[in-house]
Amino acid sequence: MLRRHVARASGESDSSGTRRLPGNACFLEDGRVLCRPRELGDSRYPYGRDGFNFWVYASGRMHANNGAYFVLLPFHAGQEPSVAFFAGMRDAADGSYTPISLLPVPYIGQSEPRVTRCAILGPDAAYFMTDTQELRAMVRVFVTQVRPEHVHIAFSLHLENASASPRDFFTSAYVNPFCRHQFVETSEDPWFKKVEILQETQATALPPFLVSVNEDVSRFRSITNHALMRRSAMVAGRPATSEFEAEVCTSRLAYMGDPRIDLGQAGCLRLGWFARQVRTTVFNDVAVAADLIRFRLAPGDTARFDYVLSLPGDDALLALERERPVNAAQVDAALASLRGRLRQVPHDLDMQVSEGTDRNLDADVFNRFLPYLRTQVRVCAEVNGYMQPSPNSLIGIRDVFQAIEGHMYDQPDGARRKMQEALEYVLVDGRCPRQYSLPHNGVPGPADLREFVDQGLWVISTVYAYVCLTGDAAFLSETLGYHQIDPADRSRMAPAADRDSVLDHLFRIMDYLDRSRDPQTGLLRALYGDWNDALDGLGTTQDAAREFGTGVSVMASLQLYQAGGELLALLKRYSDGQHPRRVQALVNLRSELENGLLRHAVVRQGTQRRIVHGWGDLRQYDVGSFCDSDGQARDGLTSNAFWVLSGLLDRRPDLRGDILAAMERLDSPFGLKTFEPGFAPDAPGVGRIPKLPIGTAENGATYVHATLFGIGALFLMGEPRKAWEQLMKILPFTPGHDGLSHSPFVMPNSYVYNPALNLTGQNMNDWQTGSSNVLLKILIRYVFGFQPELDGLCVAPASWSPFHSLRFAAQAQGRRVRIEITRDNTSARRFRLNGVDLPVSADAQTSIPAVFIPYEELRGDAENRIEVVDPLADAAEVPDGMLPDAVVIPLR
């Protein structure tokens with residue numbers, strides 16, 4: 001079936017249902033992604049759940065971790081992979097073997113025969129196809145989890161003799177488990193790692209490998225981590241041991257045969273046997289789990305080999321699995337069971353479009369992209385830390401709460417659980433750490449305690465959105481704990497004795513933010529920084545007596561204005577008048593912020609106005625003004641975007657033209673830039689952002705997370721055509737992204753551009769990026785118009801989209817809602833609820849026709865069908881010059 005997919009996956013779009021993607025990839029008709037070899041970059045997919053991620057790359061790279069526990073280490077260009085599979089074909093003349101790698105890595109060298117390769121990535125498993133004139137092979141990889149810490153990684157090798165005569169072959173597996181709570185291997189780690197082959201039994205023709213790794217949790221406690229790799233073989237449909245000869249090796253050096261060579265040149269791959277079989281390795285060499293199996297196949301006959309790497313989680317499970325051999329039928333049954341579970345995973349969220357009218361945005365490709373976007377948001381919301389192999393890759397408060405806000409539309413229970421976890425890490429004074437990590441065997445993990453002032457703002461907004469969506473007001477009363485800074489180690493936190501409600505957590509967060517305001521302007525001081533954490537110089541001061549100066553973040557001040565309104569709404573709806581002083585304080589706070597923003601955040605030059613991003617201590621310089629610290633006139637995107645997103649534009653609509661003008665100046669072929677112009681290396685006062693090359697990350701480039709803030713603002717200003725113009729530029733599968741260097745089926749975090757540095761549309765990263773959740777929320781709220789509020793559902797789709805019909809389904813406070821947007825000969829937008837016409841009003845922010853439906857008017861026992869019928873006069877079509885052509889986008 002998969003080979004038929006591959007054979008038919010040619011051309012940009014054909015009757016087989018395939019759709020081309022950048023990076024020499026395409027969507028197959030069943031939604032999987034076919035990846036052929038590419039010169040630039042790589043694609044990848046994470047298998048596993050609940051924070052366990054087994055990353056599989058189209059290049060054949062693989063690594064796995066759950067938080068700080070790395071089962072398989074990541075490797076970089078030129079390094080040795082942790083997982084490799086090989087095959088060899090025997091030369092009848094001299095008895096040597098011609099090896100090929102069954103994964104694209106490692107590279108064998110010029111001696112490898114001509115090979116055709118591709119990979120297929122999808123939600124259940126990954127497949128690697130390798131074809132030569134004499135051998136057809138496939139490696140299948142998938143993950144099953146009995147529970148989060150009990151994981152099976154299954155590798156299946158399928159080989160077929162494609163020649164016209166009987167041939168002698170071998171296969172070889174090479175797996176180097178790490179199984180430590182660290183992400184870099186040191187010279188001492190082999191001392192504490194042991195791999196041994198267990199005793200053969202009648203039930204195990206291929207006995208398993210046992211991996212044991214000792215590591216210290218503290219000075220007084222050590223633990224042993226285990227992994228078990230069980231194996232099975234079937235040649236020509238028969239599992240009998242007479243059909244093959246098997247050898248084992250637990251020593252990397254013995255596998256290589258020479259300490260000077262790389263894995264792809266290992267001596268055993270040409271010999272077809274191990275010069276030295278080693279059944280146990282510990283201390284003086286890198287211990288690995290490797291084998292080599294020789295067999296003979298008639299023309300058209302097949303062989304299959306299965307390897308299951310188990311992470312049992314405890315000694316009882318390890319003992320049980322040691323006595324349970326694996327076979328092909330069990331592995332296939334596990335995959336079938338996994339597919340069944342994936343089908344049964346509850347998904348509240350469903351989105352679909354049809355009849356796209358622009359040649360640059362294929363509706364089928366868009367629909368196939370949407371489930372990957374949903375998965376990307378889930379992965380970010382479930383993160384247990386160390387998604388990147390870096391000591392700073394912990395669980396970011398701002399990152400995880402933004403992801404939770406997107407994930408809750410699909411799986412609100414999972415979102416609730418993650419909020420419970422994260423809220424426990426709020427410090428007793430209401431400050432939110434920038435990042436936290438989960439404890440390891442009872443020992444608190446490291447934390448990033450730098451005072452980035454925006455962290456708590458995302459918490460308040462996400463809790464508010466959750467209550468609006470679910471109606472789960474009981475969550476506000478749930479009792480949770482806090483953390484405190486460890487006095488013995490200021491880089492770590494420890495659980496505190498304090499416990500109170502979620503609502504009290506929000507009160508403490510708001511009090512901390514209120515204390516962090518500048519008394520002169522009433523605005524929120526930048527402290528260590530805001531969302532744009534590369535711009536970390538605004539809060540500094542030359543006064544040695546103070547840790548932070550009076551520098552202000554306008555973006556964070558706007559977020560505080562918004563969060564104050566959200567907390568105020570929760571109190572008015574659910575507190576029964578119990579907090580009158582809180583209510584009045586929030587009213588006063590918002591009034592002071594509004595006055596301070598209007599007075600201090602808008603600068604003028606003649607008739608022109610700009611909304612600055614912020615300023616430094618004692619306002620010695622501005623950022624995003626007519627004259628910044630480097631003398632440049634500069635625009636900043638996020639302050640303009642949040643002027644709209646916070647609702648402040650409703651109070652001062654005269655700034656609309658200034659915001660749109662700023663976005664025009666910030667525009668580029670890859671979408672709205674975070675700043676324009678970028679900061680040169682000698683730009684004073686602004687922090688580390690000038691150390692980033694201009695045209696990268698937040699420094700004068702399209703940092704997609706920020707771009708989407710701007711796109712949300714365009715939708716809220718009733719500018720859907722401008723918003724879609726920007727969406728077309730950032731979606732990774734649209735024309736103009738030939739330079740894409742990451743997965744083309746999920747959102748990247750940026751598009752870089754600086755030809756002088758050979759940067760022409762590449763990306764810093766994919767998967768773990770806030771751009772995914774912001775895009776998902778924009779589609780939900782503005783494109784499909786699903787906007788839950790505390791007392792009812794507002795339905796307000798954008799007045800224009802490049803599709804003729806859209807369909808959406810989700811839950812709103814326990815009521816199933818389906819929105820269908822179509823077009824006919826009506827003269828104005830109409831709404832129907834379950835066949836009954838609804839009165840239409842103008843949306844307060846966008847002025848587009850909308851409806852507000854109190855929750856009590858929605859059925860709880862059946863789906864609610866909301867029909868939105870727009871006039872044909874507004875049919876989706878793209879005016880000439882609105883969107884870039886595939887070959888016209890200039891790279892600058």
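# Briefing on a predicted protein model

At 14% relative accessibility, Thr826 counts as buried, since the cut-off for that class is under 20%. This residue belongs to a predicted model of a protein with 892 residues, of which 61% count as buried.

**Thr826 and its surroundings**

- Thr826 sits in the loop that runs between strand E41 (815-824) and strand E42 (830-833).
- The side chain of Thr826 comes within 2.9 Å of the backbone oxygen of Ala828, and a polar contact of 3.0 Å links the side chain of Thr826 to that of Arg830.
- When neighbours within four places in sequence are set aside, the contacts of Thr826 are with Val869, Asp870 and Pro871.

**The protein as a whole**

- The protein contains 18 helices and 46 strands. Its radius of gyration is 29 Å, close to the 29 Å given by the globule rule for 892 residues, so the protein is as compact as a globular protein of that length.
- Of the contacts between residues at least 6 apart in sequence, 67% join residues that are at least 24 apart.
- The accessible surface amounts to about 34,100 Å², and carbon and sulfur atoms account for 48% of that area.
- There are 92 positive and 107 negative side chains, with the centres of the two sets lying 1 Å apart.

**Helix H17**

- In helix H17 (residues 720-730), 9 of the 11 residues are buried, so the helix is largely enclosed by the rest of the structure.
- The buried residues of H17 are Pro720, Ala723, Trp724, Glu725, Gln726, Leu727, Met728, Lys729 and Ile730, a list that includes the charged residues Glu725 and Lys729.
- The cover over these buried residues includes the helices H6 (363-381), H16 (704-716) and H18 (771-783), together with the strands E34 (702-703), E35 (750-751) and E40 (803-812).

**Trp273**

- Trp273 lies in the loop between helix H3 (268-271) and strand E19 (280-282), and with a relative accessibility of 39% it counts as partly exposed.
- A polar atom of the Trp273 side chain lies 3.3 Å from the backbone oxygen of Leu271.
- Beyond its neighbours within four places in sequence, Trp273 is in contact with Glu247, Cys268, Leu292 and Arg294, while its C-alpha atom is separated by 9.9 Å from that of Glu245, 28 residues away along the chain.

**Backbone details**

- Most residues other than glycine have a negative phi, and most peptide bonds are trans.
- A cis peptide bond, with omega about 0°, joins Val105 and Pro106, and Pro106 lies in the loop between strand E9 (97-101) and strand E10 (116-121).
- Another cis peptide bond, again with omega about 0°, joins Glu676 and Pro677, and Pro677 is placed in the loop between strand E33 (675-676) and E34.
- Asn441 has a positive phi near 50° although it is not a glycine; this residue lies in the loop between strand E24 (435-436) and helix H9 (455-470), where a relative accessible area of 34% makes it partly exposed.
- Arg619 likewise has a positive phi, near 50°; this residue lies in the loop between strand E30 (614-615) and strand E31 (622-623), and at 30% relative accessibility Arg619 counts as partly exposed.

Definitions and conventions:
Residues numbered from 1 in each chain as written. Predicted model: local features only at pLDDT ≥ 70, side-chain atom pairs only at ≥ 80, totals over all residues. Heavy atoms only, no water. Helix = DSSP H or I, 4+ residues; strand = E, 2+ residues; numbered from the N terminus. Rg over C-alpha atoms; globule rule 2.2 N^0.38 Å. Buried < 20%, exposed > 50% of the residue type's maximum accessible area, 1.4 Å probe, protein only. Contact = heavy atoms within 4.5 Å. Areas by Shrake-Rupley, 256 points an atom, 1.4 Å probe, with all protein chains shown as cover. Charge placed at Lys NZ, Arg CZ, Asp CG, Glu CD. Polar contact = N/O pair within 3.5 Å; in protein donor to acceptor, adjacent residues only side chain to side chain.
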